[in-house]
Amino acid sequence: MENFWAGVLWATEIWLYLIVCLIMIPAMFGFSLGISETYMNILVKTLEWATLNIQKAHAEGESAKASASNGLIQREHGSMEKELGELRRSRPKPPVGGDFTLSDCFYFTRRGIESIVDDEVTQRFTSEELMSWNLLTRTHNDFQYISLKLTLVYGFGIFVRYCILAPLRITLACIGLTWLVIGTSAVGFLPNCRVKFWLSEWVHVMCYRICARGLSATIRYHNKENRPKKGGICVANHTSPIDIVILCNDGCYAMVGQVHGGLMGIVQRAMVRSCPHVWFERSEMKDRHLVTKRLTDHVNDKTKLPILIFPEGTCINNTSVMMFKKGSFEIGATIYPVAIKYDPKFGDAFWNSSKYSMVSYLLRMMTSWALVCNVWYLPAMHQEEGEDAVHFANRVKSVIAHQGGLVDLQWDGGLKRVKVKDTFKEQQQKKYSSMVVGDDSSSNSD
Amino acid sequence: MGSSRSSLSRVPDGQQLLQETGFSAAHLLRLHQRFQFLDKDSRGSLRSEDLEAALSENPIGVRIVGAFFQPGQETVDFPSFVRVLAHFRPTEKNRTRDGVQPDPADSRNRKLKFAFQLYDRDRDGKISRTELLQVLREMLGLQVTEEQLQSIAERAIQEADLDRDDAICFDEFRKSLEKVNIDHKMSVRFLE
C-alpha cells in the first residue's frame with residue numbers, strides 16, 4: 001500500500017516538474033518551445049482527414065445541405081403598409097367605419113408563424129453550426145457511423161481530451177490563478193515607482209500567458225502597431241470571459257466590473273493592489289453619473305492603463321456584433337477598437353450563460369481541442385464634432401464587425417435575458433391603427 | 001435517403017408527418033430542433049407560455065398561440081405543432097409523398113378555415129360582433145377609442161354579413177375574401 005502512494009507521489013512530482021519546465025518557464029519569459037505548434041499541426045491534419053472522410057461518405061447518400069445562414073425560412077421583408085395596402089386595393093376606401101378588412105389578420109398571423117419557426121435574435125444566442133464534425137461529442141448532431149477508423153480516432157480523441165489534456169489544463173489554470181493572486185499582492189507591497197509598474201505588468205502578463213496555455217490557446221495578433229495606449233479605452237466584441245485572457249496576453253489593461261464575492265473577489269482585490277482597476281460595488285453600478293465619472297477620472301490620468309470594456313454587455317455567439325451600449329462612448333476618450341474572432345473548428349468558445357454555468361463552461365473549454373483565435377487591433381477612433389454617442393458607438397461597431405467578418409446587427413444584446421418590451425407591440429398597433437383610422441387615432445403621443 | 005431518413009427516427013411520428021404534411025425530412029428535423037428549443041423544460045410538449053415568448057411583439061400573439069391548442073388541451077406535442085405549421089406551406093409545394101397533388105381549392109379552404117378560427121375563438125362556427133370587437137381591440141391596442149372600435153366592427157359586419165344574423169359565418173367569410181390571394185398572404189417560405 002505504501003509503495004502505491006509513494007509511486008503516486010513520485011508520478012505527481014514528475015508531472016509538476018514537467019509542467020514547470022515545459023510550460024510555465026516559457027510562459028513566464030515569453031518564448032515558446034514549439035510543443036503547442038506541433039500539437040496544433042497534428043490536430044489540423046487529423047481534422048482535415050476526418051472532414052474528408054465524412055464528406056466522401058455523405059456525397060454518396062443524400063447530402064443534408066446545412067444552410068450557412070442558420071435560417072429555416074425566408075422572411076418576407078415587406079412593410080406593414082405595403083402588405084396591408086395590397087389587401088385594400090380590391091375595393092374603394094369606405095367613407096366611415098375605418099379601413100379594416102377581415103384579411104388584415106393574415107399579415108400578423110404570418111409574421112407570428114415566422115417568429116415561432118425562426119427568429120433572428122435568438123439564433124445569435126445559440127452556438128454556431130459547423131459544416132462538418134470536428135470530432136467533439138458536443139457538436140455531434142446528426143452524424144452517424146461512417147467508418148471504423150473514424151470512430152477509433154474519435155474514441156482516442158476523447159481519451160486524449162479528458163484524461164491527458166483536461167488535467168493538464170486544470171493544473172495550469174490553478175497555478176496561473178494562484179500565481180496571479182500571490183504575485184500581484186507581493187508587488188502591491190512595493191512603493192509606487194517605475195519598477196513597481198514594470199513588475200506589475202510582468203506579473204499580469206505572465207499569469208495570463210499561463211492561463212492561455214491552460215486552454216491551449218493559439219492567438220494571432222494583427223496590426224500590433226494599433227495597440228491601445230494609456231489613457232484610452234479599448235473596446236471589443238464579447239464572446240466569453242476568456243476574451244480577457246486573450247487580450248491580456250498581449251498587453252496590460254485596466255479591468256472594469258462589479259465587485260464579486262468568493263474566489264473572484266479575492267482575485268479582484270489582489271489585482272487592484274498592484275495596479276489600478278475600476279471595480280464597482282453593485283449599488284454604484286446603478287448610478288450612471290458615478291460610473292461615468294470614475295471612468296473619466298481613470299482615463300484622464302495618463303499614467304493609468306487603458307480600460308478594457310465590452311460594450312455589448314453580454315456574450316454573443318461570435319457570428320455577429322450586437323448593439324453597443326453608449327456609456328463608454330460618452331466619455332470623450334480615444335477609442336481603440338479590437339475585433340476578436342474564434343475559429344469554431346477547434347472548440348466553441350461561446351458562453352451560453354443560460355445553458356451552462358461558469359464552471360461547466362470552463363470545463364467544456366478545457367476539454368475542447370484547442371482555442372484558436374484572431375485578434376485585430378484597429379486604428380484609434382475619436383468622437384467627431386457634433387456626433388452623438390449612439391452614432392459614434394455604431395460607427396465603431398461596424399468597423400469591428402467588418403474586420404472580424406461578423407454580421408452587424410442593430411439588436412440589443414440584453415434581449416437575451418429580458419422579455420421583449422411591450423413597446424414593440426405598441427409600435428405595431430400604432431402603425432396598424434394609422435392605416436385603419438388614419439389621423440383620427442385617439443393617441444396623442446408619438 | 002441517406003442520413004436524413006435514419007435521424008428522422010428521432011422525430012415523433014416522423015414518417016407519418018412526412019406523408020401527411022409534405023414537409024421534407026430536413027424541414028421536419030429543423031422544426032423538431034426548433035420545437036426542442038422552445039420547449040425550455042424538455043417536457044416533450046409545449047405550453048402556451050413557451051410559444052408566447054416568441055410572439056411577444058405581435059399584437060395578436062396570444063390568439064395565434066391559441067390556434068395551436070385543441071379546445072380543452074393545455075399542451076401541444078410535436079406532431080400537432082407540425083400539423084398547424086403545415087397550413088402555411090405554399091400551395092404549389094403541397095405535393096404529398098405519394099405524388100398526388102391536392103386540390104388547390106382544398107388547400108385554400110384549409111388556410112381560410114385556419115384564419116376563420118383565429119377570429120371565432122369559441123368555435124361555434126360564427127364570428128360574432130363581440131369576437132370581432134375583441135380581435136380589433138387586440139390589433140389596435142389603445143390607439144383607438146371605444147366608439148371608433150364599434151364603428152369599425154359595425155361596418156365590417158354590414159359588409160360581410162349577407163344573411164343578416166349579425167354574425168359572420170364561414171361561407172360569408174370566404175365570400176368576402178374571394179379576391180384575396182390567400183396562398184400568397186398566408187404562406188411562409190421554407191428554404192430548401
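In this predicted model, strands E3 (residues 233–236) and E8 (residues 335–342) of chain A run in the parallel sense, joined over four bridges. Within this pairing, A:Cys234 of chain A sits opposite A:Tyr336 in E8(A). Both strands belong to an open sheet of seven strands in chain A, ordered E2-E9-E8-E3-E6-E4-E5 and with mixed pairing. The edges are held by strand E2 (217–222) and strand E5 (278–280) of chain A; each has a single partner strand, so one side of each is left without a neighbour in the sheet. From one strand to the next, the twist averages 25°.

Helix H11 (residues 288–300) of chain A lies across E3, strand E4 (254–258), E5 and strand E6 (307–309), and runs at about 165° to E5(A). Helix H13 (residues 389–404) of chain A lies across E3, E8 and strand E9 (371–377), running at about 35° to E8(A).

Turning to chain B, helix H8 (residues 129–140) packs with helix H9 (residues 146–160) at an angle of about 125°, the axes lying 10 Å apart. The two helices, H8(B) and H9(B), are therefore oblique to each other, and their crossing is right-handed. On the H8(B) side, the residues in contact include B:Leu132, B:Leu133, B:Leu136 and B:Arg137, while H9(B) contributes, among others, B:Leu149, B:Ile152, B:Ala153 and B:Ile157.

How values were computed
Residues numbered from 1 in each chain as written. Chains lettered and ligands numbered in written order. Predicted model: local features only at pLDDT ≥ 70, side-chain atom pairs only at ≥ 80, totals over all residues. Heavy atoms only, no water. Pairing = 2+ DSSP bridges. Axes fitted to C-alpha atoms, helices over the stretch in contact; angles between N-to-C directions. Contact = heavy atoms within 4.5 Å. Parallel < 35°, antiparallel > 145°, perpendicular 65-115°, else oblique. Left-handed = near helix turned anticlockwise from the far one by under 90°.
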